[in-house]
Amino acid sequence: VGISTTYWAALGANIASRLIGGTDARSAAAAATKALFVECPSAADWAAKTPKECERLASAVTFELLLDLLFDLDETQFYFERFWEVPPGNPFVTNWPTGKALNLLGILPAR
């Protein structure tokens with residue numbers, strides 16, 4: 001699952017661009033997902049939504065599952081970010097190729 005899915009879901013849960021503990025991240029993710037379901041409780045409600053709005057729900061659910069299944073939330077801290085700036089003021093966006101490049105350079109270990 002891509003970096004952008006987790007970043008946009010974290011942004012929707014109001015936990016992006018700051019350090020947050022795993023259990024707090026999970027609580028925020030659950031609240032954000034629940035809010036989307038409260039907004040549209042039935043399939044008919046979702047049928048009237050745009051693809052982008054449906055993507056928000058899919059990202060929120062995926063994010064919540066990632067947190068539940070892949071991490072020891074009591075021992076983990078997160079910093080969800082997509083837009084970075086490296087000195088001296090050079091912006092860049094992280095994505096899969098960024099991670100692969102770091103891996104190939106030996107900066108990021110293979111998983």
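I take "partly exposed" to mean a relative accessible area between the buried limit, under 20%, and the exposed limit, over 50%. I keep in mind that this is a predicted model.

**Entry 1: a salt bridge at Lys49**

I looked up Lys49 first. Lys49 has 23% relative accessibility, so I log Lys49 as partly exposed. Its salt-bridge partner is Glu53, with the closest N and O atoms 3.9 Å apart. Glu53 comes out at 26%, so Glu53 is partly exposed as well.

**Entry 2: the salt bridges of Arg26**

I searched the whole structure and got 4 salt bridges. Which residues are linked in a network of salt bridges? I found Arg26, Glu64 and Asp68.

I took the Glu64 pair next. Arg26 and Glu64 bring their closest N and O atoms to 3.0 Å. This pair links distant parts of the chain, since Arg26 sits in helix α2 and Glu64 in helix α4, 38 residues apart. Glu64 has a relative accessibility of 14%, so I count Glu64 as buried.

Then I turned to Asp68. Its side chain meets that of Arg26 in a salt bridge, 2.3 Å from N to O. Asp68 belongs to helix α4 and Arg26 to helix α2, so this pair ties together parts 42 residues apart in sequence. Is Asp68 buried or partly exposed? Asp68 is partly exposed, because its relative accessible area is 37%.

**Entry 3: the nonpolar cores**

I went on to the largest nonpolar core, which has 16 residues. Ile15, Ala25, Phe63, Leu67, Phe78 and Phe80 touch the most other members. Helices α1 (3–12), α2 (22–39) and α4 (51–70) each give two or more residues to this core. Which element gives the most? The answer is α2, with 4 residues.

I checked Leu67 by itself. Beyond its neighbours within four places in sequence, Leu67 is in contact with Ala25, Arg26, Ala29, Leu73, Phe78 and Phe80. Another core, of 5 residues, lies apart from the largest one. Its members include Leu36, Trp46, Leu57 and Ala60.

I listed the buried residues of α1: Thr6, Tyr7, Ala9 and Ala10. What covers these buried residues includes α4 and β3 (83–86). Just after α1, Asn14 takes a positive phi of about 60°.

I ended with Ser59, found in helix α4. What does Ser59 touch, not counting residues up to four places away in sequence? I noted Thr5 and Ala9.

Note on methods. Residues numbered from 1 in each chain as written. Predicted model: local features only at pLDDT ≥ 70, side-chain atom pairs only at ≥ 80, totals over all residues. Heavy atoms only, no water. Core = buried A, V, L, I, M, F, W, Y, C linked by side-chain atoms within 4.5 Å. Buried < 20%, exposed > 50% of the residue type's maximum accessible area, 1.4 Å probe, protein only. Contact = heavy atoms within 4.5 Å.
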